[in-house]
Amino acid sequence: MSISAIIVDPEDEFERSFMLPVATESFFQKYWVPAVEELNLQWVALFQDGTDVESEDIPAVLGEVSQLKEWARSHMHGDDLDHMLRRLELLETELPKAYRRSGTVVYIG
């Protein structure tokens, strides 16, 4: 299994095609879960079981993504670090774009 971000109830082609890969289940368990526990992250902890994210939640979610980036830089190395940073940067840049219309909800899980 893997964790991705998708728009709930898409209304147009952009929304239907919106999908951000977050992590495979094994990668999430190996790296994301220890970071969540160490940093006491509230939003990212919900990604494993799945959660809806609304536009007003984005600052908090991206704040945790930023913390994860710093954690990764100090706890990971090599290809795993590069992979983690690419996924986190993808969330930072692309997730806010999902909220083009009022009422958009993104499911991450």
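Me: In which loop is aspartate 9 found?

Reply: Before that, some ground rules: this is a predicted model, where local features need pLDDT of at least 70, side-chain atom pairs count only at pLDDT 80 or more, and totals for chains, interfaces and linings use all residues. Residues are numbered from 1 along each chain as its sequence is written, and side-chain values use heavy atoms, with hydrogens and water left out. Helices (H or I, at least four residues) and strands (E, at least two) are DSSP runs, numbered from the N terminus. Aspartate 9 sits in the loop between β1 (2–8) and α1.

Me: What is the phi of aspartate 9?

Reply: The general idea is that most residues other than glycine have a negative phi. Aspartate 9 isn't a glycine, yet its phi is positive, about 55°. Asparagine 40 also has a positive phi, near 55°, and lies in the loop between α2 (25–39) and α3 (43–47).

Me: Is aspartate 9 buried or exposed?

Reply: Look at relative accessible area: buried means under 20%, exposed over 50%, and partly exposed in between, using a 1.4 Å probe and protein chains only. Aspartate 9 has 61%, so it counts as exposed. Asparagine 40, at 57%, is exposed as well.

Me: And glutamate 15, buried or exposed?

Reply: Glutamate 15 is buried, because its relative accessible area is 2%. You'll find glutamate 15 in helix α1 (residues 13–17).

Me: Which residues does glutamate 15 touch?

Reply: Contact means heavy atoms within 4.5 Å. Leaving aside residues up to four places away in sequence, glutamate 15 touches Ile7, Asp9, Pro10, Arg100, Arg101 and Thr104.

Me: How do I read helix packing, and at what angle do α4 and α5 pack?

Reply: Axes are lines fitted to C-alpha atoms, for helices over the stretch in contact, and angles run from 0 to 180 degrees between N-to-C directions. Under 35 degrees counts as roughly parallel, over 145 as roughly antiparallel, 65 to 115 as roughly perpendicular, and the rest as oblique. Helix α4 (residues 58–75) and helix α5 (residues 78–94) pack at about 165°, with axes 10 Å apart, so they are roughly antiparallel.

Me: Which residues meet there?

Reply: From α4 come Leu62, Val65, Ser66, Leu68, Lys69, Ala72 and Arg73, and they meet Leu81, Met84, Leu85, Leu88, Glu89, Leu91 and Glu92 of α5. The contact of α4 with α5 has nine nonpolar, one polar and four charged residues. Here Ala, Val, Leu, Ile, Met, Phe, Trp, Tyr, Cys and Pro count as nonpolar, Asp, Glu, Lys and Arg as charged, and the others, Gly among them, as polar.

Me: What about α2 and α5, at what angle do they pack?

Reply: That angle is about 90°, with the axes 12 Å apart, so α2 and α5 are roughly perpendicular. Among the residues making the contact are Phe27 and Trp32 of α2 and His83 and Met84 of α5.

Me: Now the sheet: in what order do the strands come?

Reply: Two strands pair if DSSP finds at least two bridges between them. Four strands form an open sheet in the order β2-β1-β4-β3, with antiparallel pairing. At the edges are β2 (19–24) and β3 (51–54), each pairing on one side only.

Me: Which residue in β4 is the bridge partner of valine 53?

Reply: That's valine 106. Four bridges join β3 to β4. Four bridges also join β1 to strand β4 (residues 105–108), and isoleucine 6 stands opposite tyrosine 107 in β4.
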